[in-house]
Amino acid sequence: MKEIFTQLGQYIGNTAAFENLFARAYEQNSWFTPANLTYACQTWAKTLTEENISQWLSAYDLRAIKPKRVLIVMAGNVPLVGFHDLLCVLASGHQAVVKLSSDDKVLLPHFADYLKEIAPKIGARIEFTEERTANFDAVIATGSNNTARYFEYYFGNKPHIIRKNRHSVAVLTGEETQQQLFALGRDIFQYYGLGCRSVSKLFVPEDYNFDLFFKAIYPYKDLIEEQKYANNYDYNKAVYLMSLFKLLENGFLILKEDTHYGSPIATLFYEYYTDINQLKARLAADAEQLQCVVSSGFSNSEVPFGTTQQPALWDYADGVDTIEFLIELSASSF
């Protein structure tokens, strides 16, 4: 398995050969620009190395797996967002029944076809379905809070992992370097902020100087040239101004003081804090709403600036160990 996944990673990293593939993906979903598709594939190529795969799978005993049919219901907010779930199912010896999002139906089938070429027995354990199916033993489903209720209703009687909305935040102290703040820009703007690992809110001290932040992220200004992003920027700015909200903005990003975690596209919420320990307690209490907390020296589980979209293979979504779930599924008697 290690060798096969490594070879797959090398293939995925060959983005120069994917011009037509990327064009089809962009035609289907115009948020999937060639730049974002290239970033997603190259990130996976850097992740699927022999060293990383060995470190990931060495933590598990996968020798006595009894194969089950695992339905994977994938989201489509960012490219290849369900790829890790597929790798987990394959690595644990199960059969993957994949329901693709209508927003991301191009890349994964292509890479599955490559897998079938280099490893027919592994590739044969992947099937794609367009229809609702009852022929499965367990479910891994990712969606919004609304779709999660639907998933619970239809899949609640099966072993399952059902993921809901999560958001990522950054905690700033005012001592960050310009390099750190520029890296934070990647966490905010990559994939236009559409992912659960995209930073959608800042926590800042009361005397925070936003000029430093705006100066550091200025190199991302060309985002406003993307029509869909610009439309969201203009719409949200108009709505906020008509509602007489106080805003900070720099021509391509709106900052709005707000207690919520999830901000719209082209908008970043912020909130002031006065006591760092109280903030730690609040974020700990809201852990189920959060995917990443970006900071430097804030907590042991923090994510370094600029790395939210580069999770390791063992960084499981929502903190739920998917491989462990699949091992336990193999031992069940249903």
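Visitor: In which sense do strand β4 and strand β5 pair?

Guide: This is a predicted model. Strand β4, residues 138-142, and strand β5, residues 160-163, pair in the parallel sense.

Visitor: What makes them a pair?

Guide: Two strands count as paired when there are at least two bridges between them. Here β4 and β5 have 4 bridges, so they meet the rule of at least two. As one example, Thr 142 has Arg 163 in β5 as its bridge partner. Between the two strands the chain passes through helix α8, residues 145-155, and this β-α-β crossover is right-handed.

Visitor: Which residues form the nonpolar patch on the surface?

Guide: The patch consists of Tyr 150, Tyr 153 and Tyr 154, which together have about 370 Å² of accessible area. Tyr 150 belongs to helix α8.

Visitor: Why is Tyr 150 called partly exposed?

Guide: Its relative accessibility is 38%. Buried means under 20% and exposed means over 50%, so Tyr 150, at 38%, falls in between and is partly exposed.

Visitor: How many helices and strands does the chain have?

Guide: There are 13 helices and 11 strands.

Visitor: Which strands pair with β10?

Guide: Strand β7, residues 199-205, pairs with β10 in the parallel sense over 5 bridges, and Leu 202 stands opposite Tyr 270 in β10. Strand β9, residues 254-257, also runs parallel to β10, joined by 4 bridges. There, Ile 254 has Thr 267 in β10 as its bridge partner.

Visitor: What makes Asp 61 and Arg 63 a salt bridge?

Guide: Their closest N and O atoms are 2.8 Å apart. The cut-off is 4 Å, so the pair qualifies as a salt bridge. Asp 61 is partly exposed, with a relative accessible area of 45%, while Arg 63 has 76% relative accessibility and counts as exposed. By this rule the count comes to 11 salt bridges.

Visitor: Why is the salt bridge of Glu 127 and Arg 69 said to tie together parts that are apart in sequence?

Guide: The closest N and O atoms of this pair are 3.0 Å apart. Glu 127 lies in strand β3 and Arg 69 in strand β1, so the pair ties together parts that are 58 residues apart in sequence.

Visitor: Are Asp 258 and Lys 256 buried or exposed?

Guide: Asp 258 has 13% relative accessibility and Lys 256 has a relative accessible area of 6%. Buried means under 20%, so both Asp 258 and Lys 256 are buried. Their side chains meet in a salt bridge, at 2.5 Å from N to O.

Visitor: Which residues are linked in a network of salt bridges?

Guide: The network links Lys 201, Glu 271, Arg 282 and Asp 286.

Definitions and conventions. Residues are numbered from 1 along each chain as its sequence is written. This is a predicted model: local features need pLDDT of at least 70, side-chain atom pairs count only at pLDDT 80 or more; totals for chains, interfaces and linings use all residues. Side-chain values use heavy atoms; hydrogens and water are left out. A crossover is right-handed if, with the strands pointing away from the viewer, the path from the first strand over the helix to the second runs clockwise. Patches are made of residues with over 30% relative accessible area and no salt bridge: like charges are joined within 9 Å, nonpolar side chains (Val, Leu, Ile, Met, Phe, Trp, Tyr) within 5 Å. Accessible areas come from the Shrake-Rupley method with a 1.4 Å probe; for residues, only the protein chains shown count as cover. Buried means under 20% relative accessible area, exposed over 50%, partly exposed in between (1.4 Å probe, protein chains only).
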